[in-house]
Amino acid sequence: MLVSLNWLKNYVDIGMISPEELAEKITKSGIEVDGIEYIAEKSENVVVGYVESCEKHPNADKLNLCQVDVGDDKLQIICGAPNIAQGQKVAVAKPGAVLPGNFKIKKVKLRGVESNGMICSLKELGVEEKYVPKDAVDGIFVFPDNVTIGGNVEALLNLNDAVLEFDLTPNRADALSMHGVAYEVAAILNQPIQLPEEAVEVSDEDANSYVSVEVEDKDLNPYYGAFIIKDLEIKPSPLWMCNYLMAAGIRPINNVVDITNYVLLEYGQPLHAFDYDRLQSEKIVVRRAKQGETLVTLDDQERTLSEDHLVITNGLEPVALAGVMGGAGTEVNETTTTVLLEAAYFVSSAVRKTVKDTGLRSESSTRFEKGIDPNRVKKAGLRACQLLQQYAGGKVLANTVEFDELDRSEKVVEINTTEINKRLGTEITIAEIIDILNKLRFNFEQNNEDFTVYAPTRRGDITIFEDMLEEVARIYGYDNLPYTLPVGASQAGALTERQQLKRDIKNYLQGTGLMETITYSLTNEKNIGKLISPEVQENNPEPIALAMPMTEDHKYLRLSLLPELLGTLGYNQARNQSNLAYYELGPIYITHEKTLTKQPDESLRLAGALSGTWTEQPWQQEKKEVDFYLTKGILEGLFDFLQIPVLFKQAKLPDMHPGRCATLTLHDEVIGFIGQLHPILEKNMDLKETFVFDVNMEKVFAAYSNESTYSQIPKYPSIARDIAFILDEEVLAGDVKATIEETGAPLVKKVDIFDVYQGENAPDGKKSIAYSLLYQHPEKTLKDDEIEESFNEIIETVNSKYGAYVRS
Amino acid sequence: MKEQLEAIQSEALEKIDGTNNVKELQEIKVAYLGKKGSLTGVLRGMGKLSKEERPVVGEIANKVREAITDALEQKSEILEQEAMEKQLEAEAIDITLPGRQVKVGGPHLLTSIVEEIEDLFIGMGFEVREGPEVETDYYNFEALNLPKGHPARDMQDTFYLTNELLMRTHTSPVQARTMREFDGGKPVRMICPGKVYRRDTDDATHSHQFTQIEGLFVDENVRMSDLKGILDTFAKKMFGQERKIRLRPSYFPFTEPSVEMDISCKVCGGDGCSVCKGSGWIEILGAGMVHPNVLEMAGYDPEKYSGFAFGMGTERIAMLKYGVNDIRQFYTNDIRFLKQYHNA
Ligand SMILES: [Zn+2]
């Protein structure tokens, strides 16, 4: 809503307050003022001039040489506007004038002829082009004849106006009218308010002999009023009305259209004018459209309608979409002489559905959607009749032809001073509440500290105690509320174990050198099936798609964190940032339903992606590239930190390097994977060599809570024994380690691999792996022969299972 | 014999004093105190002395031995120290060469801010709660006093999955879920950070995914002035003690009265500048007193309980606090961006 302060001053005295101060006060009381626009910041020395003569410039075809009477002087001015003519009254910027954009007017010579000023267009005077009347867009502005030569243009064209831009919340539909704004400002400034009286002189003829009104669906349309105005003369509106419309962001068209728009802005009541003769009927019937019925609207679009839409018909066919837009067939034009003026109350749901289906949103539909004042509907119609009489020479017929089942009663809200203070934490007195209600102009009855408030119908948002609480508080001033802290028993706040663990895990990962990232949960079709962890894939999750995505890029709920994470790697690599170690902790969304009927499972994952150089010491020629073992080490450290026994098992997975990939298993259940991306995927995604991991954190958390117990630090000494096996190349070090652990249990506490080599010192096709075994018993010191026995058993088992032998 | 001993002592001390290397010192030690050393030689002749003389000379001899030993030790210490100093000098390195690189990771800026705010409210007795990102229409809207067809639903463009399921447009459903869980039986003090989604086109100030932090406080006799006090505490801790807050009436369907909170502009101190668009204030968050319909639907008796709720955009806080000027930067994860703020 754009609020012209000059217009507002007609209803309420705002005194000497500056637009900025007023905007601040309005904002603090509940309506956010987004901006203040001055029509023209400077327009001094611009006056009305009379073009006494207008001839071609002797040296330029497209220029005219004009002699202009500016009251106290006569000026020779050269003008290039195509619509300039002798006899016009125009806006003249005299030498010394400064136009918007700091454009200084000086005496100049144009093609050898002196020019002493400039004849201005509205745009040059600071009016935004889209609001300028169509016939004045391409040239200078021509005043009506009745303006005084030499008169100040600033006042005539409302150039000294300031326009406040309201950012209205949905509850404050009352401020979608100048009257509503007047009530608000009057309450804030504690000033009286003066609204126009709808004084219409009616003719002897009865409107009822021209039209009848019938409403089929009174729930959607509880009031319909039709006014008949005859003998209209279609012409431009008075200048003041054009000015206010332009300030409010509406382009003037002609007097009839402008008057309906003006009253819409003034009363917040949408009106519609039908060309009575083109209606070709003496009947208005409001009903739901028939399925498939069509109407060509004012914008010349054919609309196909359904039973959800309310239409105005002439008894035969639709002539308007109720509350949204009129039909082209009954539009007012230059030939119109008789108008049927509609002032109706359409309920918001009826209009909202039509707007949603047609995509048509207008000043009218917005007001119906947000709710209009039932007590202002007919008044607005009368106001329009009055203006049509005054400015279009119209003859208003007697009587309003109407259907009326409208509820115009006021909502009753009981309030109480003690309760208000209890809720606000204030000490507002009864007298202060009386004062606030008076400022708001709400009717009320008072009995000590109890009030019965009759919320005016213009404030449809006020229905319960809390609404009145807000009214009292905002007029009292939120600034005047004290600062307190809640009383009553306080409790200790804390993170849950899971929340704390999440933070600990993040800290651990960051400590190892990983950077946290946050990527989008919504991904594209290409990514949705990629790099899904085996235990998720195994259950055939159904991708979940948005019903109406904004873009194809963000259409599906992710089933893996990795594709988007890899996207960020690619983004960085494309910007020459190649050394990356990223992780993300976030959910994936799993369902097995083809058509979603319940919320998917949101399962927390930890994903990582590493690429490029890890660390570097150039002057020592040291450079550590990211590799599988580094990535694995980070995860091993994590599981060690969490004390959960996760095993790495060689695996072949889609999109992963077949020889450098493992699943993570916890108690024989897969909980994720790790490895190098398949070179083909790397190529397709334009990525350098990249290592990734993906861990099911739900399983990790569950294992952590179940298993993390603290064992005593062992009291008895440990004994280390080392052994090296010669093994076939294909044998996995981890398998042998597992065999040692199994065979050595429970005496072997820990097995470490401390040397691996292949080549010169190992036979062809063989490799040597050295293991360090730690023997320890929780309750006693182990004897040599106990250890010896176990050690020999381990050697025997490994030898026979893997065809190994001990390196001498 | 006494003279002889004294001569040995002065001669030995002179030699010890005169030497400057460990090997010579060792030779001196052997020459005087060794088995064939001169002091030992003299003492060996003690047997020839009389009973009366023996203790007297013995005492002198011990003193001489002690003096020589002390001198040897002292000298040895000095020499060792000198030797070490020499060695350390030889071991000197060029400390101006760059150090060995250590990989440094860090949290995402949004996480830093979320955790800072979590800690702040935990300190005020709040707990941290979470909720699903895929929500039901009921919890996202209806339970928050936004029935189907409510005009305020237009304020939030929603990603629907089905007619009843959607990507939550705010963290507010966690309010309803928490109260429902507590079943009207006890006070609520919680905050809830989380991802939310809106049907927006991504640009410098809009993102289809962003992070909100929701707060809810429900108890008997909760006043609007308590909301003001808590928000003031929050703003001062988060943005600085010198900051002022301002509450403005606003509208949210789930609170009544509703407020918008501004903080005084840091750049101009409230006089008005380009950052605050001349107003001297910067909008931070929305809040209000929990609407009685919301309390009632969640099983809390609005006659007995009252409360306040607030919600803020984490990205907005980050943008204001750290001067980030494009919301997309939080999600492109440019390493240069992440590094810049990893100690925020
Ligand atoms: Zn500022």
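Which residue takes a positive phi just after helix 8 of chain A? Select A:G359, where phi is about 75°.

**Before you start**

This is a predicted model, in which local features need pLDDT of at least 70, side-chain atom pairs count only at pLDDT 80 or more, and totals for chains, interfaces and linings use all residues. Residues are numbered from 1 along each chain as its sequence is written, chains are lettered from A and ligands numbered from 1 in the order in which they are written, and side-chain values use heavy atoms, with hydrogens and water left out.

**Stop 1: helix 8 of chain A**

Now select residues 348–358 of chain A, which form helix 8. Helices (H or I, at least four residues) and strands (E, at least two) are DSSP runs, numbered from the N terminus. In this helix A:A350, A:V351, A:R352, A:T354, A:V355 and A:T358 are buried; buried means under 20% relative accessible area, exposed over 50%, and partly exposed in between (1.4 Å probe, protein chains only). An α-helix has 3.6 residues a turn, so residues three or four places apart point the same way. Show the cover next: strand 19 (302–304), strand 20 (310–313), strand 21 (318–321) and helix 9 (363–370) of chain A are included in it. Contact means heavy atoms within 4.5 Å.

**Stop 2: the zinc ion**

Move over to the zinc ion. Its donors are the SG atoms of B:C265, B:C268, B:C273 and B:C276, at 2.2 to 2.3 Å. Donors are N, O and S atoms within 2.8 Å of the metal (3.2 Å for Na, K and Ca); water is not among the atoms, so sites may look incomplete. Along the chain, the donors follow the spacing C-x2-C-x4-C-x2-C.

The site is tetrahedral, with angles of 105 to 113° among the 4 donor atoms. Four donors count as tetrahedral if all angles lie between 85 and 135 degrees; four count as square planar and six as octahedral if opposite donors are over 155 degrees apart and all others between 65 and 115; anything else is irregular.

Then select B:K277, in the loop between strand 7 and strand 8 (281–290) of chain B. B:K277 is exposed at 78% relative accessibility, and its phi is near 55°, a positive value in a residue other than glycine.

**Stop 3: annotated binding sites**

Which residue of chain B carries the UniProt feature "binding site"? Select B:E256, as placed by an unreviewed entry. UniProt positions are given in the numbering used here, feature names are shortened, and annotations may be inferred rather than shown by experiment. B:E256 is found in strand 7 (residues 255–264) of chain B and is buried, with a relative accessible area of 7%. A cis peptide bond joins B:E256 to B:P257, with omega about -5°.

Colour the neighbours of B:E256: leaving out residues up to four places away in sequence, B:E256 touches A:E466, A:D467, A:E470, B:M289 and B:H291. In chain A, the UniProt "binding site" annotation (unreviewed entry) covers A:D461, A:D467, A:E470 and A:E471.

Pick A:D461 next, in the loop between strand 28 (450–455) and helix 13 (465–476) of chain A. Not counting residues up to four places away in sequence, A:D461 touches A:N171, A:R172 and A:D467. Then pick A:E471, which lies in helix 13 and is buried, with a relative accessible area of 1%.

**Stop 4: two threonines of chain B**

Select B:T171, in the loop between strand 3 (165–167) and helix 7 (173–182) of chain B. B:T171 is buried, with a relative accessible area of 0%. Next comes B:T19, in the loop between helix 1 (2–18) and helix 2 (22–33) of chain B. B:T19 is buried too, with a relative accessible area of 1%. B:T19 touches B:E24, B:L25, B:I28 and B:K75, not counting residues up to four places away in sequence.

**Last stop: zoom out**

Colour chain B by its domains: domain 1 (2–90) and domain 2 (112–341). Domain bounds come from an automatic or database domain assignment. The C-alpha centres of these two domains lie 87 Å apart.
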